Amino acid sequence: MLLQPVWNFLLGHASLLHSPFFPVIFSLSVYLSFCLPFLLLDLLSTRWALVRRYKLQPQSSVSWASMWSCLALTIYNHLVFIFPLTVMHWYLRPIHLPEEAPSLPHLLAQVLACLLLFDSQSFIWHLLQHKVPWLYRNFHKVHHTYTSPFALTAEYSGVWETLCLGFFATANTVLLGCHPLTELAFFVVNIWLSVEDHCGYDLPWATHRLVPLGLYGGARHHDLHHLKSKCNYAPYFTHWDWLAGTLCTQHD
């Protein structure tokens with residue numbers, strides 16, 4: 001089994017995986033690691049036209065104050081709200097670590113299923129927040145502070161929106177009975193796609209360029225949502241917006 005050596009290595013750190021601190025440390029470290037390359041591009045884009053040519057909104061720039069504001073809110077939400085909930089989850093539902101790893105095809109199929117479920121749930125929830133003024137004011141408005149997103153805006157959200165999206169992601173792995181290694185893989189992929197969505201760049205190796213037939217929206221798709229607000233409500237794939245008539249593919 002291709003994944004067994006990876007799982008054996010993780011089992012060797014079972015005490016860390018069992019720790020109530022692990023989910024917050026894992027989430028924050030993966031998120032910030034994925035943000036760093038794009039933040040470096042933001043710094044270089046002010047000096048190099050070669051980098052700036054890939055910016056979706058080349059007239060915009062990212063200030064240090066904006067970076068710190070986003071980072072501070074992310075850390076605050078994780079420490080004050082997410083950590084107590086992970087402790088409660090750790091107490092009520094102790095993690096079980098099986099000896100065997102999942103097969104690679106099974107892991108990939110369940111990660112894709114989790115992504116499709118999350119995309120569907122997020123589309124409905126996101127659309128409702130834009131259509132119901134009370135939900136927008138109390139849940140979603142904070143996330144639309146920036147019309148030109150950058151990597152750290154991926155988790156620049158009010159606490160209720162952060163908890164709702166976290167609930168969707170966690171519930172899907174439970175609903176599908178995912179192996180712990182599959183859960184970790186899904187969370188890593190989900191965090192990466194969210195950061196890439198908000199990065200503000202249309203890079204040659206971007207995910208939406210790798211998925212054929214325009215099935216995946218990616219950074220171009222979500223950047224248009226922040227710019228225009230009334231289109232592209234699905235975070236990743238394009239089928240729900242196409243069916244709902246809310247798909248937009250071009251910057252003005």
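Colleague: What do the numbering and the values rest on?
Modeller: Residues are numbered from 1 along each chain as its sequence is written, and side-chain values use heavy atoms, with hydrogens and water left out. The model is predicted, so local features need pLDDT of at least 70 and side-chain atom pairs count only at pLDDT 80 or more, while totals for chains, interfaces and linings use all residues.

Colleague: How are the axes of helix H1 and helix H9 oriented to each other?
Modeller: Helices here are DSSP runs (H or I, at least four residues), numbered from the N terminus. The axes, lines fitted to C-alpha atoms over the stretch in contact with angles from 0 to 180 degrees between N-to-C directions, come within 11 Å and cross at roughly 95° for H1 (residues 4–11) and H9 (residues 180–198). Angles under 35 degrees count as roughly parallel, over 145 as roughly antiparallel, 65 to 115 as roughly perpendicular and the rest as oblique. H1 is therefore, relative to H9, roughly perpendicular.

Colleague: Which residues make the contact of H1 with H9, and of what class are they?
Modeller: Contact means heavy atoms within 4.5 Å. H1 brings Val6, Trp7 and Leu10, and H9 brings Pro180, Leu181 and Leu184. Classes are nonpolar (Ala, Val, Leu, Ile, Met, Phe, Trp, Tyr, Cys and Pro), charged (Asp, Glu, Lys and Arg) and polar (the others, Gly among them). The contact of H1 with H9 has no polar and no charged residues, and six nonpolar.

Colleague: How do H8 and H9 run relative to each other?
Modeller: The axes of H8 (residues 159–175) and H9 come within 11 Å and cross at roughly 150°. The two helices are therefore roughly antiparallel.

Colleague: How do the residues between H8 and H9 divide by class?
Modeller: H8 uses Ala169, Thr170 and Thr173 to meet Glu183, Phe186, Phe187 and Asn190 of H9. The count by class for H8 with H9 is three nonpolar, three polar and one charged.

Colleague: Is histidine 208 buried or exposed?
Modeller: Buried means under 20% relative accessible area, exposed over 50%, partly exposed in between (1.4 Å probe, protein chains only). Histidine 208 is in helix H10 (residues 207–210). Its contacts beyond four places in sequence include Asp202, Tyr216 and Arg220. At 14% relative accessibility, histidine 208 counts as buried.

Colleague: Is leucine 213 buried or exposed?
Modeller: Leucine 213 sits in the loop between H10 and helix H11 (218–228). Phi of leucine 213 is near 65°, a positive value in a residue other than glycine. With 78% relative accessibility, leucine 213 is exposed.

Colleague: What is the relative accessible area of asparagine 232?
Modeller: Asparagine 232 belongs to the loop between H11 and helix H12 (239–244), and its phi is near 55°, positive in a residue other than glycine. Asparagine 232 is buried, at 0%.
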